Amino acid sequence: MNNIINIETLIFTASIGLVVIGIYLVIAEKNLIKIIIGLNLADSGVNIFIVFSGYIKNKTAPIFSKGSLGFENMVDPLPQALVLTAIVIGFGVTALSLAIAIRLYKHYGTLDISKIRGLKW
Amino acid sequence: MRKLIGLILIFGFAFYMFTIVAAIVIPSDSSEKKSVGIDILQNSVRQTGAANAVTSIVVLYRGFDTLGEVTVLFLSALGIALLMKGGRSFKHKTEDESFILKTGSHLLFPFMFLFGIYIIAHGHLTPGGGFPGGVIIATGFFIVLMTSDVFKFRDYFLTIIEGFAGLSFIVLGIVGLFTPEKSFLVNFMNKGVFNTVFSAGIIPLIYAAIGIKVSSELSGAVGNLFVSKYGRRSENE
């Protein structure tokens, strides 16, 4: 049992779970704010997944400060640098979509996408 | 019907991820992972002089990518400004903020500003850097904007600061073209004493430029989003 439930499986399950919840919210919800929350959740799940892909068991953060254990005992720094980019772009997407939601609310008086003309599916 | 389609889709996605991808990503022995990260860890201290390997990747190895990232952030702030400036605006009657909230936010703001500057200045030594520090400073602006409607918001001033910060990033990159290495964003300055604040060549300078740019950009974006809450700025004045 200990071999099946380890930290890798837990983090992997959490990241995929977040992505799944986010995609479900985007597909099934009708409120624009909830759709944006779903996008954000999926974004966080993907970020956790990318950081996890560089994770190595029992190794430390890639910082060569005093008392660091040397480069043999560090996790892969490349996914973390990529995630820094992904977080910033996720923030930009969220802010822009919130601005669009505010404009839609100003124009139509509702955030329900089934009541907004041209957004039905 | 939408919910049914959604459930079928996400079950398919989750099944795919757990059966095929999990076998690739979760190895039986994770110490055998090999990637370009090993080479970067071996050489980053000698090549860049920064203690934080993630920072040396973000600013120097992938510096051009970071320039693009800053551009994406600028485009989103520009989009928000374009969307929120024109058109009719809300006329909401909002309650006055309580005295404790107002005073607390004004007391908190200088400390958040200082903490943001600390995070930006130590980007090459500790986790952090221009992006998180800039977001912390912008959060300070955000709290003040949330709690007081009398905050005079000068976004032309922020735009000028932002433009100069972005320009200094590009100029720092172009100076590298005139050094013996002849490449964009090369670390041409003296690397200094390892593991001190004034070390690692141009990394702290670039992170300072990024921090100033991100903080002013996000403060402007947040201010533009708040225009709708209190009506247009011209109507307030």
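## Ground rules

Ala, Val, Leu, Ile, Met, Phe, Trp, Tyr, Cys and Pro count here as nonpolar, Asp, Glu, Lys and Arg as charged, and the others, Gly among them, as polar. This is a predicted model, where local features need pLDDT of at least 70 and side-chain atom pairs count only at pLDDT 80 or more, while totals for chains, interfaces and linings use all residues. Residues are numbered from 1 along each chain as its sequence is written, chains are lettered from A in the order in which they are written, and side-chain values use heavy atoms, with hydrogens and water left out.

## Where the chains meet

Chain B puts 56 residues into the contact and chain A puts in 50, with contact meaning heavy atoms within 4.5 Å. About 4700 Å² is buried between the two chains, and carbon and sulfur atoms give 76% of that; buried area is the accessible area (1.4 Å probe) that two parts lose on being put together, summed over both.

On the chain B side, α1 (2–25), α2 (36–48), α3 (53–61), α4 (63–85) and α8 (203–227) each give two or more residues. Of these, α1(B) gives the most, with 13 residues. By class, that side splits into 33 nonpolar, 16 polar and seven charged residues.

## A cavity is a set of points on a 1 Å grid over the protein atoms alone where a 1.4 Å probe fits but cannot get out, and lining residues have an atom within 4 Å of a point. The largest cavity is lined by A:Ala81, A:Leu84, A:Thr85, B:Val58, B:Arg62, B:Asp65, B:Thr66 and B:Glu69. That lining has three nonpolar, two polar and three charged residues. Helices here are DSSP runs (H or I, at least four residues), numbered from the N terminus.

Notes:
1 Å grid on protein atoms, 1.4 Å probe; cavity = no way out; pocket = protein on both sides within 12 Å on 5 of 7 lines; lining within 4 Å.
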